[in-house]
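Biologist: I would like to learn how to read a structure like this one, step by step. Could we begin with the way its parts meet?

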Amino acid sequence: MPTPLYTALVEHKERGRASFHTPGHKNNPGALPPDLLSLDFTELPDTDSLFEADGPIARAENLAAELFGAKRTCISAGGCTLCIQAMFRLAAPGGGKIVCSRVLHRSAVNTMALLDLTPVWAMPEDVLSVLAKTPDAKAVYVTSPNYYGQLLDIPAIAEACRARDIPLLVDNAHGAHLMFTEPKLHPLALGASMTACSAHKTLNVLTGGAWLHIADSRYTADAKEAMALFASTSPGYPVMASLDLAREWLRLHRREFGPLQEKVSEIKAVAQNRGISLPGGLTDPTRITLNTASAGIPGIEAADLFRQAGVEPEFADGAHVVFIATPFNTDRDFLRLKDAIERLPVRIPLPQAPELPELPPVKTSLREAVFAPSESVPLEQAAGRIAAQAACPCPPGVPVVMPGEEITKEILRFLRGYGFFAIKVLK
Ligand SMILES: Cc1ncc(COP(=O)(O)O)c(C=O)c1O
């Protein structure tokens with residue numbers, strides 16, 4: 001096969017499955033102009049330069065800041081990862097402790113290692129109490145919404161951060177659209193100091209397009225330098241242009257989230273009628289997360305059934321299947337999803353995930369654990385060793401061990417129960 005990747009993409013497209021995964025444009029021809037190839041230019045006098053922007057890129061960023069109510073917005077063609085890297089750099093340029101929700105993407109773990117920051121881990125529901133016990137924290141970092149669409153109490157965390165005069169950084173990778181839902185749930189509107197938003201996941205943006213929104217003017221001046229520290233000097237112009245187009249689409253079509261929320265509610269009702277439970281608490285009204293284990297079907301197995309029914313989900317784990325729905329899904333997509341849910345072979349509920357073991361003791365800094373020589377060992381030989389990688393069984397999607405932490409016997413038993421058989425440890 002002379003072009004294996006290109007061919008795989010063409011073949012995947014030909015299968016014509018309903019797309020409930022990223023990117024949010026769903027390859028819908030109404031989402032973006034088809035001629036973006038012809039606009040793949042570079043830094044030219046006419047086209048501005050991302051990290052020294054003073055022309056059309058600066059104007060596009062200003063319009064995005066205006067729409068989202070930010071003091072400054074920076075465009076990223078390097079995904080939300082680049083925005084997360086910049087947030088840490090801006091919040092703690094001299095290093096220090098960051099109170100971190102333990103539910104976080106690996107880009108955040110890697111950035112803290114690169115910048116030699118010290119995470120002080122908190123289970124998502126314990127962020128406030130861990131913050132209270134960490135008087136020298138430089139910032140708080142949380143993920144909200146998480147992959148399943150569950151949201152944290154951002155107003156309460158923001159208030160605690162304000163009282164301590166430290167910034168609240170929110171990984172809002174899955175919530176770029178939440179400024180336009182009813183209710184408005186975007187963390188920037190709820191008091192966050194900075195948000196990293198993967199626009200390409202839930203909006204009509206090409207893969208890699210994201211926004212860093214900054215609400216606190218103390219961090220605006222150095223934002224571009226912080227982004228440039230980690231970024232390629234060749235950001236894709238079609239990606240950046242799609243962010244500009246999506247921003248204008250949002251300005252004109254924000255009402256389209258109403259019908260989307262209705263369609264999502266209908267799908268959720270169909271699932272609940274079949275005995276499939278949904279995540280509790282405050283959730284993104286556009287995210288569909290089905291706990292298929294509650295209807296006796298492991299998430300991974302259910303995802304296969306959905307694929308066979310012509311529906312491609314975003315993600316599946318032992319218990320859940322996650323679907324990303326956007327205004328660019330067609331009625332036919334929703335019909336297929338509804339049919340597929342109705343055809344699931346519902347059985348008796350599977351047992352719930354076991355309780356998480358206690359967080360293990362930290363033995364070395366995150367940076368040392370990520371960069372020191374390491375080796376992969378069978379799980380049986382890992383007790384008492386120091387982890388060089390995170391291990392994150394799903395559900396619950398919370399890492400039980402992070403780089404630099406001791407692999408206790410309890411953790412070892414827990415990982416074995418999830419089918420882990422090897423782990424990377426420090427030499
Ligand atoms: C919670 C979370 N944060 C950050 C990222 C990184 O986003 P990006 O792929 O846009 O760099 C992801 C990607 O899946 C994510 O799920």
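Modeller: Let us begin with the contacts: 23 residues of domain 1 touch 21 residues of domain 2. Please keep in mind throughout that this is a predicted model.

Biologist: Which stretches of the chain make up the domains?

Modeller: The domain assignment gives domain 1 as 4-24 together with 257-342, domain 2 as 36-253, and domain 3 as 366-426. Between domain 1 and domain 2, the C-alpha centres are 26 Å apart.

Biologist: How much area do domain 1 and domain 2 bury between them?

Modeller: The size of an interface is often given as the accessible area lost when the parts come together. Here domain 1 and domain 2 bury about 1,900 Å² between them, and 62% of that area is on carbon and sulfur atoms. On the side of domain 1, Phe-257, Leu-282 and Arg-287 supply 30% of the area buried against domain 2, which is more than any other three residues supply.

Biologist: How many salt bridges and how many polar contacts are counted between domain 1 and domain 2?

Modeller: Side chains of opposite charge can pair when their charged atoms come close. Between domain 1 and domain 2 the count of salt bridges is zero, whereas 12 residue pairs are in polar contact. The elements that each give two or more residues to this side of domain 1 are α10 (257-273), β9 (287-291) and β12 (320-324), and β12 gives the most, with three residues. Sorted by class, the side of domain 1 that touches domain 2 has 10 nonpolar, nine polar and four charged residues.

Biologist: Turning to the ligand, how many residues surround it, and which are the closest?

Modeller: The ligand is surrounded by 13 residues, of which the closest are Thr-81, Asp-171, His-174, Ser-198 and His-200. To read such a site, look for polar atoms that face each other. An N or O atom in the side chain of His-174 is 2.8 Å from an oxygen atom of the ligand, and for His-200 the distance from a side-chain N or O atom to a ligand oxygen is 2.8 Å. Lys-201 has a polar side-chain atom 2.9 Å from an oxygen atom of the ligand.

Biologist: What should I look for in the backbone itself?

Modeller: Most residues other than glycine have a negative phi, and most peptide bonds are trans. In this model, a cis peptide bond joins Glu-182 and Pro-183, with omega about 0 degrees, and Pro-183 lies in the loop between β6 (168-171) and β7 (194-197). The bond from Pro-395 to Pro-396 is also cis, with omega near 15 degrees, and Pro-396 is placed in the loop between β13 and α14. Lys-26, although not a glycine, has a positive phi of about 60 degrees, and Lys-26 lies in the loop between β1 (18-20) and α2 (56-68).

Methods. Residues numbered from 1 in each chain as written. Predicted model: local features only at pLDDT ≥ 70, side-chain atom pairs only at ≥ 80, totals over all residues. Heavy atoms only, no water. Domains from an automatic or database assignment. Contact = heavy atoms within 4.5 Å. Buried area = accessible area lost by both parts, 1.4 Å probe. Salt bridge = Lys/Arg side-chain N within 4 Å of Asp/Glu carboxyl O. Polar contact = N/O pair within 3.5 Å; in protein donor to acceptor, adjacent residues only side chain to side chain. Helix = DSSP H or I, 4+ residues; strand = E, 2+ residues; numbered from the N terminus. Nonpolar A, V, L, I, M, F, W, Y, C, P; charged D, E, K, R; others polar. Near = heavy atom within 4 Å.
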